[in-house]
Amino acid sequence: MSEIQTQVSLTPYTTLKAGGPAERFLIVRNRHDFADAVIGAHLTGETVNLLGSGSNILPSDDGVPGLTILNCARKISIESNGLVEAETGCCFQELFLKSVQSGFRGLEFAVGIPGTLGGALVSNAGAYRSCISEFLTELEVVVNGRCQWVSPEWMEFSYRNSRLRMDPSIQVSILRVRMKLERGDSKASYDEAREYQRQRIGKQPPSPSAGSFFKNVNDVNLAQSLPDLPAPLKKAGVVPAGYLIEAAGLKGVRYGGARMGVRHANFMLNVDNASAFEIYRLAQQVKSTVKTQFDVQLEEEVLYFGNWKRFMDES
């Protein structure tokens, strides 16, 4: 385990390339060191903030109090019966690649998702009608300084959500998971994954971003009221956040160095050394405008880390 550092800028550790310093910063490379660090922090009452690839995180310009742990515990093991055990610092896409190389399918949707398994679990990441929670059998967590295995139900998964997002004050760290995958045809899996990747490349801009910034909206009445929403989405009662942002005239709108995507309206981009506050302020502008025009409260997929009180008061 590396030494704890102080006042470490988190900008290089986020895909948005913005944000202030961690009060205390530690890198862990296996689940044993990860567990020791978390348990120690829990016993002393120190807040723990977890980082993986930083693809769904925006740290405050005013800093992140407590201990920020960069999780680099990446071990993956796959048995011949499809049982998978993976540490949560592994790349979500790598988990797919290793599973398909072993002859199993199910995680094709993970291709192109830039985060770690841990981040995928917090937000129940998914795409193309699949999500990570479907495949889980057990999770090893540290809760209040104690290690234990829990069921997927314990996490209270829902669309892009879990109990870890619903209650940010809860001190829980996920060390590793166990999953069950089904046998599949490797060529078919690679073909499916390549098609997903092709679609993502067509939507994703080159500037630093966090991918989709807001969650899609599940609202049957709203979906039915939008005349040009595609029929499959109307039937499912799903309204993409990007659709609402574009319809509200916010595609490409800019605040400071932050801009909403032109290629994909639900991408928040850092186009000119944006501060975390500029990104936050643009997000609030988008939420306010969409609320006014459609009476819908957009909800961020991105999590705000650290001390935001000053900026929230100013906005």
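View 1. S60 lies in the loop between β4 (57-59) and β5 (64-71) and is buried, with a relative accessible area of 0% (buried: under 20%, 1.4 Å probe, protein chains only). Residues touched by S60 include G19, G20, A276 and W308, leaving aside residues up to four places away in sequence (contact: heavy atoms within 4.5 Å). The model is predicted: local features need pLDDT of at least 70, side-chain atom pairs count only at pLDDT 80 or more, and totals for chains, interfaces and linings use all residues. Residues are numbered from 1 along each chain as its sequence is written, and side-chain values use heavy atoms, with hydrogens and water left out.

**View 2. Helix α1 and its ends.** Helices are DSSP runs (H or I, at least four residues), strands likewise (E, at least two), numbered from the N terminus. N30 caps the N-terminal end of α1, placing a side-chain oxygen 3.0 Å from the backbone nitrogen of H32. Among the buried residues of α1 are F34, V38 and H42. Just after α1, G45 adopts a positive phi of about 80°.

**View 3. The open sheet of four strands.** Its order is β15-β20-β19-β18, with antiparallel pairing (pairing: at least two DSSP bridges). The edge strands are β15 (209-212) and β18 (254-255). M260 stands opposite M268 in β20.

Methods
Buried means under 20% relative accessible area, exposed over 50%, partly exposed in between (1.4 Å probe, protein chains only). A polar contact is a pair of N or O atoms within 3.5 Å; within protein, one must be able to donate a hydrogen and the other to accept it, and residues adjacent in sequence count only if both atoms are side-chain atoms.
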